[in-house]
Amino acid sequence: MSRREPPIVEMMETFMKFPWWGNIAAGAITYIAMKWLIPLLFLNFFPQKGLFPMHKIFGQAISQFAPLALVFFGVTTILSVIWHIRRGTFFKNNANPDAIQAMSWQDFEVLISEYYKRLGYAVEETGGGGPDGGVDLILRRDGEKTLVQCKHWKAYRIGVSVVRELYGVMAD
């Protein structure tokens, strides 16, 4: 059984893959919602007596956590910038046959992902070492969806079983 990361770490890993400006927008929206909109809902729209009698306290408490949202999205913005710079640098430094031959299959998937991003595709990475159903990348452009399965082989000849497996994924 694999060890899962804490939910906050999983959230940060997800948001760091967003563009930096997406993190800034998400941080601003979350801050405004937590500081003013959610407390406004709790203070004005919930009945004074009923299912949730502590609505005023809860509304005020939410607004106190709004600065934490700014800190969270500030950190993910910085991580996003670093992550995107590292991916771009990785592509530039490894787009040659010798580097490709020496890299791991995980790095090969990253390289192919960056290649398609540079061709103008929106790329969704589904691999990451777990079961991906035979699809490592999902490419989208001009309303079309393309599935990519990456195979990093150190041999020049590939057996027929691998080709049949790929055909089975395509048929599925």
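Let's start with D142. D142 is exposed, with a relative accessible area of 74%. Here, exposed means over 50% relative accessible area, buried means under 20%, and partly exposed lies in between (1.4 Å probe, protein chains only). D142 sits in the loop between β2 and β3. D142 is not a glycine, yet its phi is positive, about 55 degrees.

A word on the source. This is a predicted model: local features need pLDDT of at least 70, side-chain atom pairs count only at pLDDT 80 or more, and totals for chains, interfaces and linings use all residues. Residues are numbered from 1 along each chain as its sequence is written, and side-chain values use heavy atoms, with hydrogens and water left out.

Now the overall layout. The protein chain has seven helices and three strands. Helices (H or I, at least four residues) and strands (E, at least two) are DSSP runs, numbered from the N terminus. From that end, the order is α-α-α-α-α-α-β-β-β-α. The chain has 172 residues, and 28% of them are buried.

Strand β2 covers residues 137-141, and strand β3 covers residues 144-148. They run antiparallel, joined by five bridges. Two strands pair if DSSP finds at least two bridges between them. One of the partners: L137 bridges to V148 in β3. Together β2 and β3 form a hairpin, with two residues between them.

What about strand β1? It spans residues 122-125 and holds E124. E124 has a relative accessible area of 37%, so it is partly exposed. E124 and L147 are 23 residues apart in sequence. In space, their C-alpha atoms are 9.7 Å apart.

Next, the aromatics. How many aromatic pairs does a search of the whole structure find? Seven. Rings of Phe, Tyr and Trp (its six-membered ring) pair if their centres lie within 6.5 Å; planes under 30 degrees apart are stacked, over 60 edge-to-face, and the rest tilted.

Take F15 and F73. Their ring centres are 5.1 Å apart and their planes meet at 80 degrees, so the pair is edge-to-face. F15 lies in helix α1 (residues 7-16) and F73 in helix α4, so the pair ties together parts 58 residues apart in sequence. Both F15 and F73 are buried. F15 and F73 also belong to one aromatic cluster with F18 and F72.

Y116 is partly exposed, at 22% relative accessibility. Y121 is partly exposed too, at 21%. Y121 has another contact: R141 lies over its face, 4.0 Å from the ring centre. A charge sits over a ring if NZ of Lys or CZ of Arg is within 6 Å of the ring centre and within 35 degrees of the ring normal.

Last stop, the surface. W20, W21, I24, V81 and I85 form a nonpolar patch, with about 540 Å² of accessible area together. Such a patch takes nonpolar side chains (Val, Leu, Ile, Met, Phe, Trp, Tyr) joined within 5 Å, from residues with over 30% relative accessible area and no salt bridge. A salt bridge is a side-chain nitrogen of Lys or Arg within 4 Å of a carboxyl oxygen of Asp or Glu. Areas come from the Shrake-Rupley method with a 1.4 Å probe.

Which element gives the most to the patch? Helix α2, with three residues. I85 is found in helix α4, and at 53% relative accessibility I85 counts as exposed.

Technical notes: Patch = residues over 30% accessible without salt bridge, like charges linked within 9 Å, V, L, I, M, F, W, Y side chains within 5 Å.
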